[in-house]
Amino acid sequence: MGEISQVSIIGAGLMGHGIAQTCAQANCNVKLYDIKSGILENALKRIRSNLKLLAEERIIKHKDINKALSNINIVNKLEVCVKETDLVIEAVPEDLKLKRKVFSEVEKYCPEDTILATTTSVISIGDISEAIEKPERMVGTHWMNPPFILPLVEIIRGPQTSDSTVERIKEFLENKCKKKTIVCRDSPGFLVNRMAAAVLAEASKLVESGITNMEDIDKTWTEHLGLIYLLFGPFRNLDYIGLDIIYFASIYLSNALKDERFKPPNWLLNKVKRGQLGIKTGEGIYKYEKTFEEMYNQRIRSIIKILRILNKL
Ligand SMILES: NC(=O)c1ccc[n+]([C@@H]2O[C@H](COP(=O)([O-])OP(=O)(O)OC[C@H]3O[C@@H](n4cnc5c(N)ncnc54)[C@H](O)[C@@H]3O)[C@@H](O)[C@H]2O)c1
């Protein structure tokens, strides 16, 4: 099993065309298939226009546009698309039955060691892989939209996905496509969409109970939470606030809102008991060599930097 260089994409819609473009820019030979031939022509137009935009923004050189385009072949038959390929990436609509049907067809025509990747946003990989005979070669690759510019791809290990499948896809995404990856176990919604769903559910509750409106929810993210999480992530940020503060806030919120989900988690209780409260004690969720003042100043400088980039200062 060598390096992945032949990639077949099934479904040339919003995600499929963008993933095809990313793989073509990574110098892979790409075959792109869709059930509707009009969509294929349209996908090529979109890819050309995306590449032009990237060149205008100086992300790529103008001469790279035709090079990337020449790496893509559109095909009208599924069997031709997957016949000789190292990796199949399915990007058909979010429908379990359809995805199962597509993969059971793909498996009939592709080589034995081809990796089968699904771009599903939320559906369990185990549910999809029930349709195929070799589930060890199926993996979830949840790309972000637009895939040719956003860095992260979630890799989801199905209940039967083999280690070598995960290693090969990770190597391909990181080294060839220059993506950042996270690997998680199979679970509906994975990481990105499960956390996004939790935020959406809470934000909707705040709006529907009349506490605020959608515009102000968006503002809390664009003017604060989005910036802070961008810089520190939801866990590292707690070390700057103080885990003791978070612990007491959790107790208050869970009691006042009568909502068990806000109760302090066990890891937090244990950290507080051990006196590991964040940058003020030199250890919280993470360990710190620098003093409180140094860490605090570093935080201020990072916030200034991001506000300057965003023209908010
Ligand atoms: N839209 C997003 O922002 C986004 C982000 C990440 C992941 N995803 C996931 O990517 C997948 C595709 O979503 P999308 O937004 O690109 O959908 P889309 O509707 O834009 O594209 C789907 C394409 O699949 C084609 N298709 C349908 N049945 C087919 C078949 N049997 N064989 C071949 N092609 C077929 C359609 O003609 C269409 O062009 C979904 O699983 C979705 O959850 C979407």
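## Ligand site and architecture

A polar side-chain atom of Lys-99 lies 2.7 Å from an oxygen atom of the ligand. A polar contact here is a pair of N or O atoms within 3.5 Å; within protein, one atom must be able to donate a hydrogen and the other to accept it, and residues adjacent in sequence count only if both atoms are side-chain atoms. Taken alone, the ligand exposes 830 Å², and the protein buries 78% of that area. Such areas come from the Shrake-Rupley method with a 1.4 Å probe; for residues, only the protein chains shown count as cover.

The model is predicted: local features need pLDDT of at least 70, side-chain atom pairs count only at pLDDT 80 or more, and totals for chains, interfaces and linings use all residues. Residues are numbered from 1 along each chain as its sequence is written, and side-chain values use heavy atoms, with hydrogens and water left out.

| Residue | Protein atom | Distance to a ligand oxygen atom |
|---|---|---|
| Leu-14 | backbone N or O | 2.9 Å |
| Val-92 | backbone N or O | 3.4 Å |
| Lys-99 | polar side-chain atom | 2.7 Å |

The ligand is surrounded by 22 residues, of which the closest are Met-15, Asp-34, Glu-94, Lys-99 and Ser-121. By class, the shell has twelve nonpolar, seven polar and three charged residues. In this scheme Ala, Val, Leu, Ile, Met, Phe, Trp, Tyr, Cys and Pro count as nonpolar, Asp, Glu, Lys and Arg as charged, and the others, Gly among them, as polar.

At least two shell residues come from each of α1 (14–25), α5 (96–109) and β6 (138–143). Helix α5 gives the most, with three residues. Helices (H or I, at least four residues) and strands (E, at least two) are DSSP runs, numbered from the N terminus.

The space taken by the ligand is the second largest pocket. A pocket is an open set of points on a 1 Å grid over the protein atoms alone, where a 1.4 Å probe fits, with protein on both sides within 12 Å along at least five of seven lines. A molecule sits in a pocket if more than half of its atoms lie within 2 Å of its grid points.

In total, the protein has twelve helices and eight strands. Its C-alpha atoms fill a box of roughly 60 × 45 × 45 Å, taken along the principal axes. Of its 313 residues, 41% count as buried. Buried means under 20% relative accessible area, exposed over 50%, and partly exposed in between (1.4 Å probe, protein chains only).

The loop between α6 (125–129) and β6 holds Arg-137. Arg-137 is buried because its relative accessible area is 7%, and a polar atom of its side chain lies 3.0 Å from the backbone oxygen of Thr-114. Glu-136 is placed in the loop between α6 and β6 and counts as partly exposed, at 33% relative accessibility. Between the C-alpha atoms of Glu-136 and Asp-244 there are 44 Å in space, with 108 residues in sequence.

Ile-306, in helix α12 (residues 292–309), is buried with a relative accessible area of 14%. Its C-alpha atom is separated by 9.2 Å from that of Leu-230, 76 residues apart along the chain. Ala-249 is found in helix α10 (residues 243–256) and counts as partly exposed at 35% relative accessibility. The C-alpha atoms of Ala-249 and Glu-84 are separated by 57 Å, the residues being 165 apart along the chain.

Most residues other than glycine have a negative phi, and most peptide bonds are trans. Asn-145 and Pro-146 are joined by a cis peptide bond, with omega about 5°; Pro-146 lies in the loop between β6 and β7 (152–157). Lys-178 has a positive phi near 60°. This residue lies in the loop between α7 (163–176) and β8 (180–185) and counts as exposed at 65% relative accessibility. Asn-311, in the segment after α12, has a positive phi of about 60° and is exposed, with a relative accessible area of 71%.

Methods
A residue is near a molecule or strand if one of its heavy atoms lies within 4 Å of it. On a 1 Å grid over the protein atoms alone, a cavity is a set of points where a 1.4 Å probe fits but cannot get out, and a pocket is an open set with protein on both sides within 12 Å along at least five of seven lines; lining residues have an atom within 4 Å of a point.
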